[in-house]
2 protein chains.
Amino acid sequence: MPRQRSNMQEALLAVLRQHEQPQSAYALLAALRTDNAKLAPTTIYRALDALSEQGMVHRIESLNAYACCRHGDHTSDCIMAICDDCGIVEEQLAPKLIGAISAETEKSGFAPKRHVVEVHGSCAACGSTEDRK
Amino acid sequence: MPRQRSNMQEALLAVLRQHEQPQSAYALLAALRTDNAKLAPTTIYRALDALSEQGMVHRIESLNAYACCRHGDHTSDCIMAICDDCGIVEEQLAPKLIGAISAETEKSGFAPKRHVVEVHGSCAACGSTEDRK
DNA sequence: GCTCAATATGTTATAACGTAACATTATTCA
DNA sequence: TGAATAATGTTACGTTATAACATATTGAGC
């Protein structure tokens, strides 16, 4: 019998951990509807918001999708390297670089709070087979 | 009498130039519907795509909105400093920093193609009045 | 001027992403 | 135990984006 989830956030994390690729809110909704057919988008978005605040999940702005954090606690925002071929996202910690970006914006008096750094391209695995296309 | 636009792209650029804040595709649609009541989203998105390819317009991923380029030609991607208070976006050229971000992702064999660098925070004007909130 | 190709735009419909507002349930802890 | 907080349910709607197919405009070469 399907296990009853007591906690939406745990359930979401479990689904995200099954995937290397970020998942859209509606993909997550569909996945969890196998347990609860009446689940609504609102519930998913609320749980995602909570997980984001906790740093357990990162939203990928340029994909409108969500990935679970692959690092432990990190206070610095990170760089997301997104493979446009296979969809895999590599989360890279680079606090010095984030600091340098902050410094650049501060030159004009800007006060940075949140950094969205998403690099699109090809991962090592996909890049090495590029010539076949 | 309202001027007949021969060219959607020109019309879009004109609207974007009237605003310091990025505009959503549907805001642009609404603006241009005063000239052409039957204008459809598709037309707007196609023109925005064309302008983006030409580098005349930049999409702000974390806002789902579009801003016209405030620089002349630039081959390097740029940094967008987004004020969450007033909505103004400052477009900053920093090719060295973009290069450093590329270098970071290349460490794992990634081949970067496009950089999304969007920093949220407060601009100088809004930041200086923060205490009033 | 004609015609072919390329580009841009029109039209209809629908998919995908996200939130508002208000109600109910669960958890915690004084 | 009961009051406060956090999480989830429910309904409805708003916003962002694209698919698929049709038509029109433009420009180059003949």
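Which residue stands opposite I60(A) in strand 2 of chain A? The structure is a predicted model, in which local features require pLDDT of at least 70, side-chain atom pairs count only at pLDDT 80 or more, and totals for chains, interfaces and linings use all residues. Residues are numbered from 1 along each chain as its sequence is written, and chains are lettered from A and ligands numbered from 1 in the order in which they are written.

Facing I60(A) is A65(A). Strand 1 (residues 57-60) and strand 2 (residues 65-68) of chain A run antiparallel and are joined by four bridges; helices (H or I, at least four residues) and strands (E, at least two) are DSSP runs numbered from the N terminus, and two strands pair if DSSP finds at least two bridges between them. Four residues lie between the strands of this hairpin, in which N64(A) adopts a positive phi near 50°.

Pairing also extends across the two chains. Strand 5 (residues 111-122) of chain A and strand 5 of chain B pair in the antiparallel sense over 11 bridges, and V117(A) has V117(B) as its bridge partner.

The contact between the chains draws 30 residues from chain B and 30 residues from chain A, two residues being in contact if their C-beta atoms, placed from the backbone, lie within 7 Å. On the side of chain B that touches chain A, at least two residues each come from strand 3 (79-83), strand 4 (89-92), helix 4 (95-106), strand 5 (111-122) and helix 5 (124-127) of chain B. Strand 5 of chain B provides the largest share, 12 residues. By class, this side comprises 14 nonpolar, 10 polar and six charged residues, where Ala, Val, Leu, Ile, Met, Phe, Trp, Tyr, Cys and Pro count as nonpolar, Asp, Glu, Lys and Arg as charged, and the others, Gly among them, as polar.

DNA strand C is surrounded by 21 residues, the closest being S24(A), M8(B), A40(B), T42(B) and T43(B); a residue is near a strand if its C-beta atom, placed from the backbone, lies within 6 Å of it. Helix 3 of chain B gives the largest share of this surface, six residues.
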